[in-house]
Amino acid sequence: MDKMSACLCLVFFFFFLTIVAEAKYPPGGSYHLSSLRQNMKISKSKAELPFHFQTRYFPQNLDHFSFQPESYIIFHQKYLISSHFWRKGGPIFVYTGNEGDIEWFASNTGFMLDIAPKFQALLIFIEHRFYGESNPPRSAKKMGYLNSQQALADYAILIRSLKQNLSSEASPVIVLGGSYGGMLAAWFRLKYPHIAIGALASSAPILQFDKIVPSSSFYDTVSQDFKDASVNCFEVIKRSWGELDAFSTMKDGLQKLSKKFRTCKDLHYVSSASGWLESAFVNTAMVNYPTPASFMAPLPAYPVEEMCKIIDGFPLEASNLDRAFAAANLYYNYSSSENCFDIENETDPHGLNGWYWQACTEMVMPISCSNQSMFQPFESNDKRDQEACLREYGVKPRPHWITTEFGGQRIEMVLKRFGSNIIFSNGMQDPWSREGVLKNISSSIIALVTKKGAHHADLRAATKDDPEWLKEQRRQEVAEMEKWISEYYSDLRQEEQGK
């Protein structure tokens, strides 16, 4: 089934945002990038959070923007809260949840826990509607209420109510997020400046809409990451696709390919193996962190370099496909616990399927692959994507809606006139970085860009092995947040004195 391109992820965009990355290939023909959130090789165990977090649920209306009877249907939005370090009246740090379980993001956003004692801050992680446990009654009719505008309104209402209940309405709020969550953090600051005094938007590809940036940027960056690690590695992966395609015309090709890839069940399509390989390389580029991590899979530090060491270590007579498969094993089987690979069995342990709907409606992020990349080239295809969305959901994508609602075109000129207090942080090894804000827009809308750095690396917990460039990026973020909070309290005192 064709599905709309793009996701982050995040988390990953990711990413979600991720962006998590997989290409789906329709059997027997050309392919295009589908949602970058499916079939992730991630731990199925529940994320562990510090003891001082409490899980709570907040009643939200299904629709914040109309007054139809259906609008008042209630669902319970999950959020995590920690007052362990909070001094009443002190700042409140809010994570604007992405497309998945909120525990997953909270357990991978240690930066907020690291800085909470310094700021004596209250920490809140809010789950995005229609993800995790925050599910309204699901039906085709209700899915129309899954969009970024409703999600931002959820956050605004929850934050206001919480401050009121805590008798801390004067506390300054800073929103933080990574990937799609980073996009939401930036948009929240622009849409609700009376609620949040500032935003840290990490790896937020807010320019991946309406052809603002080249559609090949994502794959170009992945390819450059591997080329920087080893030109030979880049070339081996690039040549491996031709060897893989040859199995489609080979007698008993699928059986032979299944054996080569050690699949748990015989493959139905050669394209499934292509997608499996591509996911490994794309996802590894997104999480090419400088220290070991297990956000999307247990991986060593700088896993792109480790993949290339595997490829470069093969004898010259080895096939390109054998080398590529061995490298992909680093991603799928770093712990050496997998006896076989269930390539065609899609899993969704973190409840990410709602992104398909978002990509078919508002999150229309065209992605293509150029001849210069290490992947098989393809063009984005608006007509095909529209047909797929009509087939799956009965809706047509609205490719211009995000830039209409939040802007993006001529962003420097626009935000310079009315925006303030936003940090856009990016590491240029992140495939989503070229779709983000990479230059300062004003003295208070700044871009913190590092030559290295993967998908929202700055939001991860600090470790003793962090490189200096990552430490410095976080120091600058903390300094900006200190400035926002100091200015806020100064303005608050002046206001009180003037009464």
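Me: Where is Ser167 found?

Reply: Ser167 sits in the loop between α3 (148–165) and β7 (173–178). Keep in mind that this is a predicted model.

Me: Why is Ser167 called exposed?

Reply: The relative accessible area of Ser167 is 57%. Exposed means over 50%, so Ser167 is exposed. Its backbone has a feature to note as well: Ser167 has a positive phi of about 50°, although it is not a glycine.

Me: What makes Glu169 count as exposed?

Reply: Its relative accessible area is 54%. The cut-off is over 50%, so Glu169 is exposed. Glu169 also lies in the loop between α3 and β7. Leaving aside neighbours within four places in sequence, Glu169 is in contact with Lys163 and Gln164. From Glu169 to Ile159 there are 10 residues in sequence and 9.7 Å in space, C-alpha to C-alpha.

Me: Is Asn421 buried or exposed, and how do you know?

Reply: Asn421 has 12% relative accessibility. Buried means under 20%, so Asn421 counts as buried. Asn421 is placed in the loop between α14 (411–418) and β9 (422–427). Asn421 has a positive phi of about 55° and is not a glycine.

Me: How do you know whether Asp101 is buried or exposed?

Reply: The relative accessible area of Asp101 is 18%. The limit for buried is under 20%, so Asp101 is buried. Asp101 belongs to the loop between β5 (92–96) and α1 (102–106). Lys78 is 23 residues from Asp101 in sequence, and the two are 9.4 Å apart in space, C-alpha to C-alpha.

Me: Which residues of the largest nonpolar core touch the most other members?

Reply: They are Phe93, Trp187, Phe188, Phe226, Phe261, Leu277 and Phe281, out of 140 residues in that core. Helix α8 (residues 270–286) gives the most to this core, with nine residues. Leaving aside its neighbours within four places in sequence, Leu277 is in contact with Trp241, Leu244, Phe261, Leu321, Ala324, Phe325 and Ala328.

Me: At what angle do the axes of α6 and α10 cross?

Reply: The axes of helix α6 (residues 231–245) and helix α10 (residues 320–332) cross at roughly 115° and come within 7 Å.

Me: Why is α6 called roughly perpendicular to α10?

Reply: Angles of 65 to 115 degrees count as roughly perpendicular, and the crossing is at roughly 115°, so α6 is roughly perpendicular to α10. The crossing is left-handed. On the α6 side, the contact is made by Asn232, Val236, Arg239, Ser240, Glu243 and Leu244, and on the α10 side by Asn320, Leu321, Arg323 and Ala324. These residues divide into four nonpolar, three polar and three charged.

Me: Which residues make the contact of α2 with α15?

Reply: From α2 come Phe111, Ile115, Lys118 and Phe119, and from α15 come Arg474, Glu477, Val478, Met481, Glu482 and Ile485. By type they divide into six nonpolar, no polar and four charged.

Terms used. Residues are numbered from 1 along each chain as its sequence is written. This is a predicted model: local features need pLDDT of at least 70, side-chain atom pairs count only at pLDDT 80 or more; totals for chains, interfaces and linings use all residues. Side-chain values use heavy atoms; hydrogens and water are left out. A nonpolar core is a set of buried Ala, Val, Leu, Ile, Met, Phe, Trp, Tyr and Cys residues joined through side-chain atoms within 4.5 Å. Buried means under 20% relative accessible area, exposed over 50%, partly exposed in between (1.4 Å probe, protein chains only). Helices (H or I, at least four residues) and strands (E, at least two) are DSSP runs, numbered from the N terminus. Contact means heavy atoms within 4.5 Å. Axes are lines fitted to C-alpha atoms, for helices over the stretch in contact, and angles run from 0 to 180 degrees between N-to-C directions. Angles under 35 degrees count as roughly parallel, over 145 as roughly antiparallel, 65 to 115 as roughly perpendicular and the rest as oblique. A crossing is left-handed if the near helix is turned anticlockwise from the far one by less than a right angle, and right-handed if clockwise. Ala, Val, Leu, Ile, Met, Phe, Trp, Tyr, Cys and Pro count as nonpolar, Asp, Glu, Lys and Arg as charged, and the others, Gly among them, as polar.
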